[in-house]
Amino acid sequence: LAARADADRVLAELVAELQASQHAVRGVAIAIAARYRSLIDAVPDAVTIHDENGRILDANAAACGIYGRDRDTLRQLGVNDLNPSLPHDHMSTILANARLGSTSTVETTNLRGDGSGFPVEVHSNVYMDGNEKRVVAIARDITARKQVDRDLRASEARFRLFLQAMDKGVVVQDERGRILSCNPAACRIVGRSEAELQAMRSEHFAAWSLLDESGHAFAIDDLPNLRALRTGRTVNSTLVGIYLPHLGIQRWLSVTSVPQFAENGGRPIQVVSAFDDVTAMKHESELFAQTQSLAQIGGWQYGFGDDALVWTAQLYAICDLPPASGISLDRMIRFFPTDAREQLQAAIAEVRAGGTIELDLRMSSAIGRRRWVRIVARPIRHGDTVTGLIGTLQDITERKLVEVTLRNRALTDALTGLPNRDAVLEAAGATIDAAGGHDGPTLIHINLDRFRSINDVLGHGAGDRLLAMAARRLRDCLTNDSLCARFGGDEFLVLLPGGASEDQAARIAQRLAATFDEPFLIGQHEFRLTVSIGIARHPDDGATLQQLVSHAGAAMLEAKRRGRNAWFRYSPALARRAGNRLRIETHLRNAIAANEFHLEFQPQVDLGTQRALGAEALLRWTNPELGPMAPDLFVPYAESNGDIIAIGAWTIREACRQLREWRDRNVDIPYIAVNASFRQVLSGTLAGTVIAALREFDLPGEALEIELTERVFVEDLSDSQQTFAMLRGLGVKLVIDDFGEGYSALGYLRRLPIDGIKISHGFMQHVPGVPSDTAICDAIIRIGSSLGLMVIAEGVENEQQLEFLRERGTRLAQGYLFSRPLGANAFAAYLASQPSRGVHAARP
């Protein structure tokens, strides 16, 4: 019994010890599990543990947040739930190819709980959990990194484009001086391709003889780029002469080299050099220096105390005097005419007070030879006292003759041979000054109607010939006491002498207009031009030159506004209209809030089916105080003060709202065309406005067509490409409105992001009666057809115009022949009156 009791006691002690050990092990296990959970949850990336079948055994807190699922839900999923694109045997492949403890990395796309995908970088590691293989996968959301990469690539692309466009050469070299890259300007300047330059080594460059600014040879190691690499400092604007043996020429370059360093500093790893070809400037500088050294400049000195005048030999030659014949100040002064003599005497008196002399004067030598001379002198001082003067006298006759020639050229228009803008303004200003407030000159401002359109269609060469012919007609119908000048572009200014009466000015204006009655012959074609003329007389229509020019221009614009081919004299009514502008702009700012705008719609008709394929939305404004206002009156004001941005946004939204209302009523209209201002594009709001309107009224992009003037595409294309790309990506059509009325050359047309062109009403109204307008319309149709653009003719008002368009295969047209602009309900009724088309006709 005693032995049994001892055995029970020992057994109890062992059990207790075993229980204590198990308790300790359990505590350690709990602690390890807690540390494991803390560690895995501290990882900011999504961590998931997978068994051999890909099932998720565990996940950290970041995985729950990134995938949008709680841990229990994740444990019910497998790797293919996170990435359905993976093959079903994906885990088997990983386990078969992976080595224990090794990590593999891939980029793929995982899914969140809401079904959205996001790019991830997944690091996978295989390990043993007892007898089981496990895979730990760490998935990092790389959305931001991808965006940064895209932004960097876009920035690099823009930078490369910038370098490609630069006229300055740019070369990048490594730390050994080997060329890594260079832009086209660099290749052009040195006469080598980029591949050839990259293949060249220092021994190849040794044949390029180098000169410094003074013309002395120097070693290749002293080139700015190699100095920058050697010293780690920027070398600025260094003049280098390089003889290029493959071209057989010497070039002078102004080079700036900037070393590039790694993030940790140290020695430069690259050098970027930018250089300009300054060969022409260098040659001009050398030529100028040689000219200075060869110039015959005489020196002289005069003392006030002893009245002594000392000359160098060159001055005797300039004055045509025998050498060393002796000269006095009085005799020298007598070589100058009275006005120049007075100038010189006054200048000498100023030198006594401490001044200097710098004069260009006419003189007549001892034998009567006339010259221009330049006199420069400064005072001679003894202490605070001016005792004399010392200076030079140079024969500048040739220079003055050149200046006179250059001045005449500067005041002459090279194309027409007429005086230019500066010349006529100078003459008009002098005439006004001479009038002294009494009857002064009359200005006649002439503008060739629609010349720019003809110039764009025919080409600039023919346009220049037409300008020169027009200038000759203007000059030939004026008397010698009148001055006819080219004021700029297709504008001319006629200056009538002071005292010309109002009747005389009117008769001259009529004569100027009549000289354009005969057509102009360019090659085998005849073209007719008309002119709009404005008249302003001094001092009634303007007391100053600026006022007179401005008012003559305003009168010309009024003549153009009244239909062109007319003349108009400035009147107080024009000044009153300027006041009316302020009233219009004031009411215009409140027009949207006051609900004063509305739209009318004019059908765009398929000439084959005679049915409306679309409609142009036309803005209308009726103000309680001003009454109905024509768009031609208020739109220019809105564009000049910026109100057009808000008005344009209202127009786009209202057009989309009306189209949605029609579609809800089963009114059959595929699209609406809306005019947009260039200011909407420049402001960057156009794309956002269109997107918002389409979304608000649940319309596809194909339901909207934006009409823009050529000015937007040609002048602002580089700044607006993103807007146009966004609109075209939505399916919105872009059309050039009033094609041919703008400023662009046809060479731009094939590069513009457009779907169609619209023939201006200004051209169509003279078809087929006026040959020039008919030829222009015919050319526009053929150009549009050859470029695959839809062509829309507006302003079609008679059957002859319709037949003209049909014969040339034009599909779309609008105008009073089909319908006037209609209100929304009237337009719906117009559509309802047409036979059903069954399905929407396809847009051109």
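Rings of Phe, Tyr and Trp (its six-membered ring) count as paired if their centres lie within 6.5 Å; planes under 30 degrees apart are stacked, over 60 edge-to-face, and the rest tilted. The model is predicted: local features need pLDDT of at least 70, side-chain atom pairs count only at pLDDT 80 or more, and totals for chains, interfaces and linings use all residues. Residues are numbered from 1 along each chain as its sequence is written, and side-chain values use heavy atoms, with hydrogens and water left out.

Eleven aromatic pairs were found in the structure. One of them joins Phe597 and Trp650. This pair is tilted, at 5.8 Å centre to centre and 45° between the planes. Phe597 lies in strand S24 (residues 597-606) and Trp650 in helix H23 (residues 644-664), so the pair ties together parts 53 residues apart in sequence. Helices (H or I, at least four residues) and strands (E, at least two) are DSSP runs, numbered from the N terminus. Phe597 is buried, at 5% relative accessible area. Buried means under 20%, exposed over 50%, and partly exposed in between (1.4 Å probe, protein chains only). A second tilted pair is formed by Phe601 and Phe827, at 6.1 Å centre to centre and 45° between the planes. Phe601 belongs to strand S24 and Phe827 to helix H31 (residues 824-832), so this contact ties together parts 226 residues apart in sequence. Both Phe601 and Phe827 are buried. Ring pairs also link Phe597, Trp621, Phe634 and Trp650 into a cluster.

Salt bridges were counted next. The rule requires a side-chain nitrogen of Lys or Arg within 4 Å of a carboxyl oxygen of Asp or Glu. The count is 42. Asp449 bridges to Lys560, with the closest N and O atoms 2.8 Å apart. Asp449 lies in the loop between strand S17 (442-448) and helix H17 (451-458), and Lys560 in helix H20 (residues 545-561), so the pair ties together parts 111 residues apart in sequence. Asp449 is buried, at 4% relative accessibility. Asp72 and Arg75 form another bridge, at 3.7 Å from N to O. Here Asp72 is exposed, at 52%, and Arg75 is partly exposed, at 32%. A network of salt bridges links Asp41, Asp58, Arg71, Asp72 and Arg75.

Cys319 is buried, at 2% relative accessible area. Cys777 is also buried, at 0%.
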